[in-house]
Amino acid sequence: PTPQDPPYLAGLNAPQREAVLTTEGPVLVLAGAGTGKTAALTARLAHLLYTKKAWPSEILSVTFTNKAAREMRHRVGRIVGDVVEGMPWLGTFHAIGAKMLRRHAELVGLHSNFTILDTDDQLRLLKQLILAADLDEKRWPARQLAGLIDQWKNKGLTPADIDAGESELYANGRGKEMYAAYQARLIALNACDFGDLLLHMLTILKRDREVLADYQRRFKYIMVDEYQDTNSVQYLWLRLLAQERKNLCCVGDDDQSIYSWRGAQVENILKFEKDFPGAKVIRLEQNYRSTPHILAAASGVIANNSGRLGKTLWTNEQDGEKVKVLGIWDGPEEARRVGEEIEACQRAGKSIDDIAILVRAQHQTREFEDRFISIGMPYRIVGGFRFYERAEIRDALAYLRVVAQPADDLAFERIVNVPKRGLGDKAVQKVHQLARAEGVPLTVAAARILDTDELTSQARRALGNLVGDMARWRSMAADLPHPELARQILDESGYTGMWQAEKSAEAAGRLENLTELVRAMEEYENLGAFLEHVSLVMDNEAQADEAKVTIMTIHAAKGLEYDTVFLVGWEEGLFPSQRALDEGGNASLEEERRLAYVAITRARRRAVILHAANRRIYGQWTSSLPSRFVNELPDAHIESENSMSGGESLWRANWSERADPFADVARGTGRGPGWQRAAGVNPGGGFTSRTFTREPSRVVEARASAVSIGNKGRDD
Ligand code: ATP
Ligand code: MG
C-alpha cells in the first residue's frame, strides 16, 4: 500500500488488489470462505466508479440476495457518494431480469406492466390447466408440474426445447404440452413467473441481435458474486452479455456450492476458463474471518469430498477457542443449552446481534423459538417465517382450534375447504347467512344447514362429512392424548395427505413442520394449554431496534458472518438430512458436506456444534447418531463435551424398574447407539436407528436438574 492509495484499496492484500485492478478481460476469483471475495468485488465496483472507467449504469453487478445488494450499494456509497444511487443494474439475477424484461416485454408478447406471479397463483393456474387437459390432479399434482417447469426454466429450456424424454416426466409424456399451455396462458394473462424473468430475457437476447448488441455495448463491466451457485440459464445469459467486451469478473468457491437442488451447476466454474480463454484466475488464500481452529475444523470436514478444485487457506488470527462439540441428551436440552450459552455471552457484555443459530431444516427453529420465548430472549428468523406463522402450521392450528373452541369462526373459515372438499364460496356464504340469522357460530350453522335444502348435493355431502368429523374429533378429545388427537385430525381431514400428494421438496418441508408441531404439543399438559402457549408466542414480537439472536437455515446464511455460531442438530438423518441419506448417492452427501463447510465458516471467533442423543417423534424417543461430519472434525481443533451422563444414569435408573427398552430390538451391538456414544465408544456399524418409548415428562424434569449440576452457576 502506498500513501496515495484510494480508500478502497487500503488494507487489501496483493491478490485482492489484483482482482480489483484487473478491470479488463475475464477474471475468475476462486477462493475459500472468508478470504474477502465479496470485499474485493465491492472494492472493484468502487474502483470502476471512482476512476470513472464506467458510469453507474454501465456496470452489471449480480449479488445472491437483495440484502447483499443493499449492503454493497451502501459500502460503495461511502466511497463514491451519491453516484451509487444511479446503479440500476446492481441486484439479484431476478431483480435485474425483471428490470430488463420490462423494457422489452413486447418482444415476448407481454406488456411492460406484466405481473409476476407468486407460487400460489402459479399453482392455481396450473390446476386449472390440468383440469382443462382432463388429467387427474391427484395423480399428477400441480406442484409436481410446477417443479418440472421450474427445472426446465433453470436449464434455459423453452417448451420448444423439451424432448420426448423430458416430456415423459409428467403425465405419460404430456409434460411438454402442459408446459406450452402454461406459457401461453401466462402471456394471455400478461404475467410471468420467476423463472421467466431470466428465460424470456434469454430468448430475447438470443433472438434479437439489436437488443443483445445494445446490452453488450452498455455493460462495460459485469461482476457476479457467489458464482458457484449460478444455474444454466443464468450462465447462458451472462455469457451472451459478456461475449463482446469480455470484462466479466466472477467470484466463487466450489466448496460452497449448495444449490444444486435448484439447478445450480458448479461446473460453470470449470466452463468459465473454456468459454473465456485467457481468463485470469486469481486465488485468495488468506482468511480474514475466522480463527485457525475454526478454519482447520471446516477444512478437515470438506477434505472428505472428492473432485474439489482444491485451495489453500491460512489466517493470521489468534488461535482462539477450539470448536466446541457438545453432545447433549435431547432436543429440549439442546435449546436450553444454547439459551444458556447465549445468556452467558450477554453477561460477558457481548451483543446478541453477533450470534447466530444455524439449522439444517426449517422445522428445527421451533424448539429454539419456544425456548427463547419462555426465557425472554429476543430473536429473529431470517429467510423464513417464524414457526407458528407458517401457512401449514396455521392451517393445522385452525383444525385444533375448531375442535377445542367450536365458536372459533376464523379457524373454521380457514379450514372449511382446505384441503379442497368441493365447498365453494357459495356454500360457505350460505353457512355465514344462517349463522348471522340465527346468531350461532359457523360450526353450529354448518350442522344446521344440513337439515335444509340450501346446498347442492355435492356441497351437502362434503359439509356433512366435515361436520361429522368435527363431532367425532371432539368426542375423541376426551380420551386421546392431545398429540395423538392432532395427528389423527390431520390424517383424517386429508390435510397431511394433501401435502403428501405433492411430491416436492417444499411439501416435504411442510410435512416436517407438521411433525414438529405434534412434537411441540407433547410438551404441554393438554390441548388448551398448548393453544394458549401458541397465542402468546404469536403475540411476542421483539422490538425492531432491539438486539436479537438470529436463527436461520445454513442456506440462508451463505456469505454472512457472525462472531458466535451455534450449529445445532448435527445428527445422522438430520444433518446429513434423511433425504440425502435415502438418495444414497455420493453427490447428495457431498452437497451436505459443503453445507457443513459453509456452516462452520460463518463463525468468526466461536463455533459450537451440538448433537442430541435422542429426538422425540410422535411420542417415541428415537436415538440418533452424531453426524458423520462430527467424526470428520480434526481432533486437534475440537473440544468435546458430553453433558448427558447425568441424564443417562437417571434414565437408566428409571428403566431398571421396568421392562428392558430394547427387548424387542434385535441384539448384536448390545446397547443402543446413544449408550455407546455416551460411554465414548464409537458405534462400529453403519447408521442404525432404534425406537423406544418411555414416559417423557418426569424423566425430562429430573434430567434437567442433573444437567445443571455440570453447568455451574446456572439455575434453570
Ligand atoms: P464467503 O465465501 O463466506 O462469501 P468472502 O470470501 O466473500 O466469504 P468476505 O465476506 O468478503 O469474504 O470477507 C470476510 C471478512 O474478512 C469480512 O469481515 C471482511 O471485512 C474481512 N476482510 C476481507 N478482506 C480483508 C482484508 N484485506 N483485510 C482485513 N479484513 C478483510
Ligand atoms: Mg462472500
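Residues are numbered from 1 along each chain as its sequence is written, while chains are lettered from A and ligands numbered from 1 in the order in which they are written. In this predicted model, local features need pLDDT of at least 70 and side-chain atom pairs count only at pLDDT 80 or more, whereas totals for chains, interfaces and linings use all residues.

**Exercise 1.** Find where Ala 33 lies and decide whether Ala 33 is buried or exposed.

Solution. 
1. The unreviewed UniProt entry lists Ala 33 under "binding site", together with Ala 31, Gly 32, Gly 34, Thr 35, Gly 36, Lys 37 and Thr 38. UniProt positions follow the numbering used here, feature names are shortened, and annotations may be inferred rather than shown by experiment.
2. Ala 33 sits in the loop between strand S1 (27-31) and helix H2 (37-50). Helices (H or I, at least four residues) and strands (E, at least two) are DSSP runs, numbered from the N terminus.
3. A residue is buried if 20 or more other C-beta atoms lie within 10 Å of its own, exposed if 12 or fewer, and partly exposed in between, with C-beta atoms placed from the backbone.
4. Ala 33 counts as buried because it has 26 C-beta neighbours inside 10 Å.

**Exercise 2.** Name the residues that Gly 34 contacts, leaving aside neighbours within four places in sequence.

Solution. 
1. Contact requires C-beta atoms, placed from the backbone, within 7 Å.
2. Gly 34 is in contact with Asn 287, Tyr 288, Arg 289, Ser 290, Glu 561 and Thr 601.
3. Ala 33 also touches Thr 601, along with Asp 253 and Gln 256.

**Exercise 3.** Describe the residues around ligand 1.

Solution. 
1. A residue is near a molecule if its C-beta atom, placed from the backbone, lies within 6 Å of it.
2. There are 18 residues around ligand 1, and Gly 36, Lys 37, Thr 38, Ala 39 and Tyr 288 come nearest.
3. H2 gives the largest share of this shell, three residues.

**Exercise 4.** Determine how strand S10 (residues 355-359) is covered and paired.

Solution. 
1. Five of the five residues of S10 are buried.
2. In a regular strand, side chains alternate between the two faces of the sheet. Ile 355, Ile 357 and Val 359 point one way from S10, and Ala 356 and Leu 358 the other way.
3. Strands pair if DSSP finds at least two bridges between them. S10 pairs in the parallel sense with strand S13 (residues 562-567) over four bridges, and Leu 358 has Leu 567 as its bridge partner there.
4. S10 also pairs in the parallel sense with strand S12 (residues 549-553), over four bridges, where Ala 356 stands opposite Thr 550.

Methods: Two residues are in contact if their C-beta atoms, placed from the backbone, lie within 7 Å.
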